[in-house]
Every structure is written in structure tokens, then in C-alpha cells.
Amino acid sequence: MKDDTVVTKGRHPASRRQVLHGIALAGLGMVAGGAGVLDAAWPAAAAVPASGWPQQAFAQKSEAAALKALYGLAAEPSDKVALDVPEIAENGAVVPVSLTTSLPDVSAISFLVSGNPFTLAASYRLSPGTEADVSCRLKMAKTSDVIALVLAGGKLYSTRKQVKVTLGGCGG
Amino acid sequence: MPSTIRVRAIAGSDTTEVQVLIQHPMDSGFVKDKNGTLIPSHYIETVTFAWNGKPVFTAYWGPAVSKDPYLKFAFKGGKKGDPLQIAWTDNLGQGDATTARLL
């Protein structure tokens with residue numbers, strides 16, 4: 001949608017962000033070893049920069065490219081992933097989504113919106129012991145599919161549902 | 001300045017349910033203001049949650065997360081009074097952190 005260059009506006013060099021992110025983590029009293037726990041469960045193929053925020057995956061415009069940048073794995077559709085989205089969203093700026101799954105060993109959950117300028121909306125990392133039950137609110141530019149990805153036991157599972165949007169949430 | 005983070009973390013019998021609301025514009029970089037100038041993107045990239053100093057949950061967000069983001073998740077364990085540390089940083093290097101007590 002619109003000009004490609006606009007999205008990079010206002011972005012500071014990664015180094016500064018990493019430094020500040022580091023400060024935030026230090027403020028939490030997280031030692032390096034503690035932070036490493038989350039990364040250990042992550043497939044080596046995934047392109048995750050040092051700051052942890054998957055910049056490349058968030059820059060992808062197609063579903064397949066985002067999936068590749070995020071996990072480097074193919075997703076297998078699964079009925080064990082329960083995605084709860086509204087059938088019709090009157091306001092695309094606030095679309096509640098929630099996901100639960102009965103799959104064991106879930107280490108990551110991601111939400112993609114196929115009709116958005118950038119498909120990846122949110123990606124969550126779960127430590128062992130964290131329940132595979134996540135809710136949040138997303139923006140949707142137009143009627144399209146919400147795709148949920150669950151990384152469980154090193155395999156990627158997905159499910160998708162269409163949401164009809166009557167008023168887009170990305171302006172313009 | 002009051003915290004930008006509002007937390008409600010309730011310790012149940014075996015799991016703790018965490019709900020959080022963060023005040024943030026979450027500008028996508030696609031919206032124009034009334035003069036027709038693009039509002040530059042400004043959104044939270046990372047939110048971390050640690051219970052008793054141990055990371056339990058990390059959120060990576062893009063500009064497609066709604067303004068004043070809401071998030072809910074749950075983890076095993078946790079008892080009343082335990083500290084839950086929450087911190088966020090955005091694409092402009094701003095951030096906030098807070099420590100909540102489980103209810």
C-alpha cells in the first residue's frame with residue numbers, strides 16, 4: 001500500500017535500539033543466561049537479530065516470505081490450533097484475536113494478517129510452563145485472513161480464518 | 001508521570017493469568033494527519049515479562065498491533081505477591097518498565 005519508503009521513516013539505527021533494549025532488560029534484572037532460555041527453544045534457521053525483534057520477518061509483504069523469515073519452516077494446517085476471531089469486524093483498527101491450542105511444548109505463537117501491507121502482526125515467545133493461550137488486538141486494513149502459527153515441539157502448525165472488515169484500520 | 005503499563009495478574013490455583021494494557025499510539029506509518037502529512041511509524045517492538053526474575057513471555061509486535069495494545073496470557077505457577085516485571089521498548093528507542101505484584 002502506498003510508497004515503500006515511508007515505512008523506514010522515523011526508524012533509528014538498530015544499534016541504538018539494541019542498546020536501549022539492553023538497558024530495559026538489565027532493568028528487569030535479567031542475566032544473560034536467563035534471557036538465553038527463550039532463545040534456546042528457537043530453531044537455528046530463524047533470522048532473529050541480537051535484539052530479538054525479528055526485523056526481517058516484520059518487513060515481509062507476503063505470507064510465505066514472512067513465514068520463511070520468521071521460522072524457516074513450512075506450516076502444517078492443524079485443527080488442534082483454535083483461533084478465535086470475529087466473523088465481522090466493524091472497526092478494522094481493533095480486531096480482537098485469541099488463540100488456544102492443545103498441542104504440547106508450544107514455544108512460539110504468531111499472528112499474521114494476509115491483507116495488511118506487512119503480513120506479520122505479532123509474534124510471541126513462550127517459556128516452558130507458559131500456557132498456549134494468548135489474546136491481543138490487531139489492526140486489519142481490509143477483509144482478509146488472520147493466520148495463526150504455533151511452533152510446538154520444533155514443528156510449525158497453522159490455522160486461518162477470514163474476518164470481514166467494514167472499516168479499514170490502516171487509514172488512508 | 002504515571003506508568004504507561006496497566007497490569008492485572010491473578011494467581012489462580014495452578015496458573016497465573018496476566019492481562020496488560022499499554023498506552024502507546026502504535027502509529028503504523030500509513031496514516032495521514034489532517035494536513036495530509038504522513039504520521040511516521042511509532043510502535044512497540046518488544047514487551048518482556050519476567051516472573052520472579054525468570055522470563056515467562058516475550059511479545060514482538062509490528063505496526064499492525066492496535067493502539068493502546070492489550071495482551072493476555074497465562075503461565076503455570078505463581079502465587080499472590082510474586083513480582084512480575086514488565087518492560088517495553090519501541091522503534092524510536094523509548095520504553096517503560098514496571099513491576100507488578102500477583103493478585
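View 1. Glu76(A) is partly exposed, with a relative accessible area of 36%, where buried means under 20% relative accessible area, exposed over 50%, and partly exposed in between (1.4 Å probe, protein chains only). Glu76(A) forms a salt bridge with Lys155(A), their closest N and O atoms being 3.6 Å apart; a salt bridge is a side-chain nitrogen of Lys or Arg within 4 Å of a carboxyl oxygen of Asp or Glu. The pair links distant parts of the chain, with Glu76(A) in strand E1 of chain A and Lys155(A) in strand E9 of chain A, 79 residues apart; helices (H or I, at least four residues) and strands (E, at least two) are DSSP runs numbered from the N terminus. This is a predicted model, in which local features need pLDDT of at least 70 and side-chain atom pairs count only at pLDDT 80 or more, while totals for chains, interfaces and linings use all residues. Residues are numbered from 1 along each chain as its sequence is written, chains are lettered from A and ligands numbered from 1 in the order in which they are written, and side-chain values use heavy atoms, with hydrogens and water left out.

**View 2. Salt bridge between Glu63(A) and Arg160(A).** The side chains of Glu63(A) and Arg160(A) meet at 3.1 Å, N to O. Because Glu63(A) lies in helix H4 of chain A and Arg160(A) in strand E9 of chain A, the pair ties together parts that are 97 residues apart in sequence. Glu63(A) is partly exposed, with a relative accessible area of 26%, and Arg160(A) is partly exposed at 41%. A network of salt bridges links Glu63(A), Asp145(A) and Arg160(A).

**View 3. The buried side of helix H4 (residues 63–70) of chain A.** Ala66(A), Leu67(A), Ala69(A) and Leu70(A) are the buried residues of this helix. They lie on the same side of H4(A) because they cover an arc of only 165° around the axis, the arc being that of the directions from the helix axis to the C-beta atoms. The face turned away from the buried side of H4(A) carries the exposed residues Ala64(A) and Lys68(A). Among the elements that cover the buried residues of H4(A) are helix H3 (55–58), strand E5 (106–113) and strand E9 (155–165) of chain A.

**View 4. Lys139(A), a buried lysine without a salt bridge.** Lys139(A) is placed in the loop between strand E7 (133–138) and strand E8 (144–152) of chain A. The nearest side chain of opposite charge, Asp27(B), is 6.4 Å away, whereas the side chain of Lys139(A) reaches the backbone oxygen of Met26(B) at 2.5 Å.

**View 5. Positive phi at Asp105(A) and at Asn52(B).** Most residues other than glycine have a negative phi. Asp105(A), with phi near 55°, lies in the loop between strand E4 (95–101) and E5 of chain A and is exposed, with a relative accessible area of 63%. Asn52(B), with a positive phi of about 55°, lies in the loop between strand E3 (44–51) and strand E4 (54–61) of chain B and is partly exposed, with a relative accessible area of 44%.

Note on methods:
Lys and Arg count as positive and Asp and Glu as negative; His and the chain ends are not counted. A polar contact is a pair of N or O atoms within 3.5 Å; within protein, one must be able to donate a hydrogen and the other to accept it, and residues adjacent in sequence count only if both atoms are side-chain atoms. Contact means heavy atoms within 4.5 Å.
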